[in-house]
Amino acid sequence: MQAKLTVNSRLVAGVEKPVRRRHLSGLFPPLILAPAVIASIIFVYAFIAITVWVSLSKWGTLRMDFNLREPFGYTYQQMFSMPRWHADLRNTFIFTILFLFGSIFVGLLLALLLDRKLIGHTILRNVFLFPYALSFIVTGIAWRWIFNPETGVNLLFDGLGINHLITSMGGHPFKPGWTTDPSVLFSINNWLAMIFPGVKNMSVHLGIPIALIPVVVAACWQLTGFSMAMYIAGMSTISHELREAARIDGANEFQIYTTVILPLLGPVTVSTAIILGHVSLKIFDLIFAMTGTGPGFATDVPGIFVFDQTFKATKYNLGAAASVVMLLLVSLVIVPYLWSSLRKS
Amino acid sequence: MLLGFMLFFLMPVYVMVVTGLKEATKVSLSTMWNLPQQLSGGGFVEAWRRLQPNLGNSLMLAIPATILSAIWGSINGYVFAKWRFRGSNLLFGILVFGMFIPYQSILIPLIQFLEQVKLYGTIPGLVVVHVIYGIAITSLIFRNFYAAIPNELMEAARIDGAGIIRTYLDVMLPLSMPGFVVVGIFQFTNIWNDFLFGVTILPNPAAQPVTVALNNLSGSFSVDWNVVMAGAVVAALPTALVYIFLGRFFVRGLLAGSVKG
C-alpha cells in the first residue's frame with residue numbers, strides 16, 4: 001500500500017484513535033520521545049528563561065554580569081524610551097499590515113484565477129511559488145538593485161512615459177528615493193496630538209515610511225506564492241458536488257465564488273494570516289540584506305535591533321530585552337493558534 | 001491579468017540573470033533593463049571564485065543536518081501519530097512551539113553553550129543547531145504523514161507480535177519514503193537559506209555558509225553589481241533546482257505545516 005501525505009491546510013492533521021496497547025510497553029512511547037522533549041526543554045524553554053534573565057541583568061558590556069539590574073526591568077524602560085525602538089515598533093506594525101494585506105489578497109486572487117484551469121496553469125503556479133524556495137538574502141539583494149533610485153523601477157517610469165506625462169502637465173517627474181527616502185507618508189502625529197498632547201514631543205512620525213514600501217514589495221514577491229498554495233489546497237477540498245449543486249440552484253460562476261467558495265476559505269485565511277504574520281514579526285534577513293536600518297531607521301525592525309545591540313554594541317541586556325518583546329509578540333499570535341489546532345485533533 | 005503577474009514574478013529573476021551576464025563595465029544604471037550586448041560569463045566566473053568555498057560549507061552543513069533531523073523527526077512523528085499516551089498532545093505542542101520562536105530570543109545562551117562544548121564557530125556546531133531546532137518541524141510533518149497511514153497495518157504487526165520498534169522498522173519505515181522526500185527537501189531548503197544562525201555562530205568567513213558570504217559580497221563597495229547578481233544566482237541555484245525538479249514534494253512540505261523562518 002502506498003502511503004500518501006495528505007494535503008491539509010490546517011497545521012496539524014487529525015489523528016485516528018490509536019489502538020489500545022498493553023501495559024508493559026506503555027513506557028516505551030514516552031521514552032522514545034524523551035530525547036526530543038529534553039532537547040526542546042533545554043534549547044528552547046531554558047534558553048528563553050536565560051535570555052529573560054539576561055534582559056533583566058547588568059550585562060551591558062563585553063564583561064559578563066548576571067547580577068540583576070536595579071531598578072527591576074530598567075533595561076526595558078530604557079528601551080521603550082528609545083526613538084529607534086519606537087520606529088521599530090511602528091515599522092513592524094506597518095510592515096505586517098501591508099505585507100499581510102498584499103500577500104493574502106494577491107495570493108487569493110492568483111488561486112482564484114488559476115482555479116479556472118486555463119492552459120499552463122501548472123507552470124504559472126510553479127512560477128508564483130518559485131520565490132518561496134529562495135533565500136531572503138537573495139531576494140533582498142535583487143530587490144535592492146531594482147529599487148535603486150537611479151535605475152530599476154524609476155527607469156521603468158521614464159520608459160513607460162509616465163514622467164513625460166507628468167512633466168508635460170507641469171509637474172515634477174515622479175522619482176522617489178525609495179529605500180533612501182527618510183520621509184513618512186500619512187503621518188498622524190499632528191492629528192493624534194489633538195487627543196494626546198504628549199505625542200507632539202515624539203521624534204518618530206507615525207505613518208508609512210516610504211523606504212519600507214520596497215521591502216513590503218519584496219516580501220510579498222517572496223511569500224505570495226505561499227498564500228496562493230494554501231488557498232489552492234483549501235479550494236481543492238471543496239467538493240465538486242457543492243459547486244455543481246450551486247450551479248443547479250441557478251448560481252452563475254461569479255456567484256459560486258462569492259457565496260460558496262470564499263466563505264469556505266475563512267479557516268485557510270486565518271491559518272495563512274497567522275503563519276505569515278509570525279514571519280513578518282520575526283523578519284530579519286530580508287531587511288538586513290536589502291536596506292539595513294534604512295535612513296533614520298525608516299526600515300529598522302526588532303530583528304535588526306536585537307542583532308545590532310547584541311552583536312555590534314555588545315549591550316547584551318538590551319538585545320535580550322528586545323528579543324523577549326519579539327517572542328511575546330510572536331507568542332500572542334502563535335499560542336492560541338497551536339492551542340486550537342491541537343485541541344481539534 | 002495572470003500574464004501581468006507572471007511578468008512581475010519573473011522580473012527579479014530576469015534582472016539577476018541579465019545583470020550577472022553583463023560585463024562589469026557594461027553594467028550601467030541607465031541600461032539596467034536591457035539585454036547584454038554581448039554575453040560575458042565574467043560576473044559568474046568571479047562570483048563562483050568567491051563563493052565556491054562557501055557553497056561547499058553550505059553543502060557540508062545542509063546535507064548532514066537534513067538527514068539527521070529527518071530521521072529523528074520520523075521517529076518522533078511515528079510515536080506522536082500512532083502511540084499516543086496521556087499528555088502526548090501536550091508534549092507535541094511544547095515541541096512544536098519551538099519552531100515558531102524568533103531565534104534571536106535564544107541566541108545568547110546558545111552561543112554560550114556552543115563555546116562551552118567547543119563547537120562555537122565550527123560547521124559541526126551549526127549542524128547540531130540545525131538538527132535541534134529542526135526537530136519541531138520534522139516531527140510535525142512526519143506526524144501528519146503517519147497519521148494518514150491506516151491503523152490496520154499497525155494492528156496486523158501487533159498480532160504478529162511486533163513491538164513499537166519492530167513495527168516502526170518493519171511496517172512504517174518501508175512506507176516512509178515519500179515522507180522522507182518531503183521532509184528532506186523542505187529541511188534542505190530551510191537550512192540552505194538560513195542566515196541568522198550562520199552569521200552569528202560562524203564568525204570566521206572561511207567557514208560561513210553561502211547566504212552569509214553572499215551578503216558580505218553585496219555589502220562590499222569594491223564589488224561590481226554584475227558579480228553580486230551572479231552571486232545571488234549561484235547561491236540560489238541549489239534550492240532553485242530542487243524546487244524545479246521536485247516542486248510537488250516541496251509544496252506538500254510547506255502545506256504540511258511549514259514556516260519560513
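This is a predicted model: local features need pLDDT of at least 70, side-chain atom pairs count only at pLDDT 80 or more; totals for chains, interfaces and linings use all residues.
Residues are numbered from 1 along each chain as its sequence is written, while chains are lettered from A and ligands numbered from 1 in the order in which they are written.

For the complex, the predictor gives an ipTM of 0.90 and a pTM of 0.88. Chain B has an average pLDDT of 87, with 93% of its residues scoring at least 70, where pLDDT is the predictor's confidence in each residue, from 0 to 100. Within chain B, confidence is highest in helix 4 (residues 107-116), at a mean of 96, and lowest in helix 6 (residues 151-159), at 84.

The secondary structure of chain B consists of 11 helices and 0 strands, helices being DSSP runs of H or I with at least four residues and strands runs of E with at least two, numbered from the N terminus. The C-alpha trace of chain B spans about 75 × 50 × 30 Å along its principal axes. Of the 261 residues of chain B, 56% are buried, that is, 20 or more other C-beta atoms, placed from the backbone, lie within 10 Å of the residue's own.

The contact between the chains takes 84 residues from chain A and 87 residues from chain B, two residues being in contact if their C-beta atoms, placed from the backbone, lie within 7 Å. On the side of chain A that touches chain B, helix 1 (residues 28-56) of chain A gives the most, with 16 residues. That side divides into 63 nonpolar, 15 polar and 6 charged residues, where Ala, Val, Leu, Ile, Met, Phe, Trp, Tyr, Cys and Pro count as nonpolar, Asp, Glu, Lys and Arg as charged, and the others, Gly among them, as polar.

Inside chain A, helix 5 (residues 136-146) and helix 9 (residues 212-236) pack at an angle of about 135 degrees, with their axes 10 Å apart. Helix 5 of chain A is therefore oblique to helix 9 of chain A, as angles under 35 degrees count as roughly parallel, over 145 as roughly antiparallel, 65 to 115 as roughly perpendicular and the rest as oblique. Among the residues that meet here are A:Trp143 in helix 5 and A:Trp221 in helix 9, and the contact divides into 6 nonpolar, 3 polar and no charged residues.

Helix 3 (residues 83-114) of chain A also packs with helix 9 of chain A, at an angle of about 40 degrees and with the axes 6 Å apart. These two helices of chain A are therefore oblique to each other, and their contact has 20 nonpolar, 6 polar and no charged residues.

How values were computed:
Axes are lines fitted to C-alpha atoms, for helices over the stretch in contact, and angles run from 0 to 180 degrees between N-to-C directions. A residue is buried if 20 or more other C-beta atoms lie within 10 Å of its own, exposed if 12 or fewer, and partly exposed in between; C-beta atoms are placed from the backbone.
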